[in-house]
Number of protein chains: 2
Amino acid sequence: MRDPEATLRQHDLPVTAQRVAVLRAVSRHPHATADELAEGVRGELGSISRQSVYNVLNVLTDKGIIRRIQPADSAALYEDRIGDNHHHLVCRSCGRTEDVNCAVGEAPCLKAHSHHGFKIDEAEVIYWGTCPACQKKRR
Amino acid sequence: MRDPEATLRQHDLPVTAQRVAVLRAVSRHPHATADELAEGVRGELGSISRQSVYNVLNVLTDKGIIRRIQPADSAALYEDRIGDNHHHLVCRSCGRTEDVNCAVGEAPCLKAHSHHGFKIDEAEVIYWGTCPACQKKRR
DNA sequence: ACGAAGTTTTGGACTTTGTCAAAATCCCTG
DNA sequence: CAGGGATTTTGACAAAGTCCAAAACTTCGT
């Protein structure tokens with residue numbers, strides 16, 4: 001995130017210390033949970049309420065400034081990188097999450113559209129597997 | 001599910017009334033939550049504890065007899081249909097969930113494997129959109 | 001069938017993740 | 001720099017699951 005304050009203004013959001021700090025924390029820690037981000041913000045601001053972290057994350061997500069992903073068995077994760085149609089790779093045993101560029105062009109399996117009369121607007125892909133570290137442990 | 005009892009025995013699971021009833025409920029109501037299934041079971045058995053429903057669903061899921069999906073903003077959903085690599089279509093506003101046969105052959109975007117050294121075992125795809133009923137309401 | 005041994009089921013407390021509402025505070029415009 | 005509207009804080013609450021110990025049940029060998 002180049003300039004958090006400018007980004008907020010571009011979206012008509014009043015600039016507050018909490019918002020700037022949360023944005024920076026998301027930038028610094030991609031795929032972090034709300035609680036982890038709160039910790040990150042506290043390192044910068046000294047303190048922030050749990051509710052504010054949620055408020056800010058919700059506003060930023062609604063405005064499309066950040067993106068929320070919610071893999072099974074995990075709290076919601078937030079990330080900076082948006083609008084580039086990438087997907088995620090999640091370790092089943094430790095939860096480690098990595099970005100994966102879409103394997104099938106732009107809107108991946110979006111070919112499935114118009115099924116059941118639904119109007120599809122996004123195809124979310126999560127690759128489940130085992131990360132290198134966890135592969136070693138299991139042996 | 002042809003024969004719940006036989007299925008349980010095949011997997012070395014003691015046959016209990018609760019397990020049979022839960023299996024039947026999952027069969028009858030694809031994409032139902034644990035609570036909804038509990039209600040279904042109560043219609044059949046009279047009563048079952050919440051914990052037993054979770055125990056049974058967990059055991060069945062571990063054994064691969066049923067499958068659990070966990071779309072964002074929803075409790076876990078359970079289904080009968082397994083091993084056929086199908087995906088899901090979820091309505092953003094009402095949560096209605098439908099099956100979708102994979103658009104891209106067998107293991108869809110599994111081509112992304114070996115990324116980051118992960119050993120990938122599943123590619124989960126969720127199509128997000130708006131179902132016909134909710135499209136009407138919005139207009 | 002019967003009883004012992006091992007599982008399941010129960011019921012209640014607890015945890016995690018997140019939301020609601022009201023009061024206090026802050027940001028931005030004039 | 002004052003005022004109004006938005007934001008943050010605080011504390012209570014809700015949903016979905018899990019943990020635990022005790023009671024009840026299944027299963028298996030005889």
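**Contacts with DNA strand C**

Biologist: How far is a sugar or linking oxygen of DNA strand C from an N or O atom in the side chain of Gln18(B)?
Modeller: This is a predicted model, where local features need pLDDT of at least 70, side-chain atom pairs count only at pLDDT 80 or more, and totals for chains, interfaces and linings use all residues. Residues are numbered from 1 along each chain as its sequence is written, chains are lettered from A and ligands numbered from 1 in the order in which they are written, and side-chain values use heavy atoms, leaving out hydrogens and water. For Gln18(B), the distance is 3.3 Å.

Biologist: Which helix gives the most residues to the surface near DNA strand C?
Modeller: A residue is near the strand if one of its heavy atoms lies within 4 Å of it. Helices are DSSP runs (H or I, at least four residues), numbered from the N terminus. Helix H4 (50–62) of chain A, with H2 (17–28) and H4 (50–62) of chain B, each supply at least two residues. The most, 5 residues, come from H4(B).

Biologist: How many residues surround DNA strand C?
Modeller: The closest are Arg50(A), Gln51(A), Thr16(B), Ser49(B) and Ser52(B).

Methods:
Polar contact = N/O pair within 3.5 Å; in protein donor to acceptor, adjacent residues only side chain to side chain.
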